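Colleague: I would like to learn how to read a model like this one. Please take me through it feature by feature.

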Amino acid sequence: MDQTSHEPMPSDDDPRTCARCGTVTTGTPPTWTYSVENGHNRYYCEPCARENIRAIEGRLDSAWW
């Protein structure tokens, strides 16, 4: 994996905010989606991830296919 994140990974006790709708939760629920976009950590709640899964996966670099 050649991608590196410029932000440190938050601990499991840190609050998470959905990058799309702003829902906040403590820790990372197993149903949330995690993505690194332009060096930034992004989290998406389950409803946002389900509604936008094609767009999320469509942005993957071809090396991941």
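Modeller: Begin with contacts: a contact means heavy atoms within 4.5 Å. Residues 24 or more positions apart account for 38% of this chain's contacts with a separation of 6 or more. A word on the source: this is a predicted model, where local features need pLDDT of at least 70 and side-chain atom pairs count only at pLDDT 80 or more, while totals for chains, interfaces and linings use all residues. Residues are numbered from 1 along each chain as its sequence is written, and side-chain values use heavy atoms, with hydrogens and water left out.

Colleague: Which pattern does the chain follow along the sequence?

Modeller: Helices (H or I, at least four residues) and strands (E, at least two) are DSSP runs, numbered from the N terminus. Here the order is β-β-β-β-α. That makes 4 strands and 1 helix.

Colleague: How many bridges join S3 to S4?

Modeller: Strands pair if DSSP finds at least two bridges between them. S3 (residues 33–37) and S4 (residues 40–44) share 5 bridges and run antiparallel. Tyrosine 34 faces tyrosine 43 across the pair. Serine 35 stands opposite arginine 42. The hairpin leaves 2 residues between the strands, and asparagine 38 there has a positive phi near 55°. As background, side chains in a regular strand alternate between the two faces of the sheet.

Colleague: What percentage of the residues count as buried?

Modeller: Buried means under 20% relative accessible area, exposed over 50%, and partly exposed in between (1.4 Å probe, protein chains only). Of the 65 residues, 25% are buried. For the whole chain, the Shrake-Rupley method with a 1.4 Å probe is used. The accessible surface is about 5000 Å², and carbon and sulfur atoms hold 50% of that.

Colleague: Which residues form the largest nonpolar core?

Modeller: A nonpolar core is a set of buried Ala, Val, Leu, Ile, Met, Phe, Trp, Tyr and Cys residues joined through side-chain atoms within 4.5 Å. The largest has 8 members: Cys18, Trp32, Tyr43, Tyr44, Cys45, Cys48, Ala49 and Ile56. H1 gives the most, with 3 residues. Take cysteine 45: beyond its neighbours within four places in sequence, cysteine 45 touches Cys18, Cys21, Thr23 and Trp32.

Colleague: How many aromatic pairs are there?

Modeller: Rings of Phe, Tyr and Trp (its six-membered ring) pair if their centres lie within 6.5 Å; planes under 30 degrees apart are stacked, over 60 edge-to-face, and the rest tilted. The count is 1. Tyrosine 34 and tyrosine 43 form a tilted pair, 5.1 Å centre to centre with 50° between the planes.

Colleague: Why does tyrosine 43 count as buried, and why does tyrosine 34 count as partly exposed?

Modeller: Tyrosine 43 is buried because its relative accessibility is 7%. Tyrosine 34 is partly exposed because its value is 35%.

Colleague: What lies over the face of tyrosine 43?

Modeller: A charge sits over a ring if NZ of Lys or CZ of Arg is within 6 Å of the ring centre and within 35 degrees of the ring normal. Arginine 16 does this at tyrosine 43, 4.9 Å from the ring centre.
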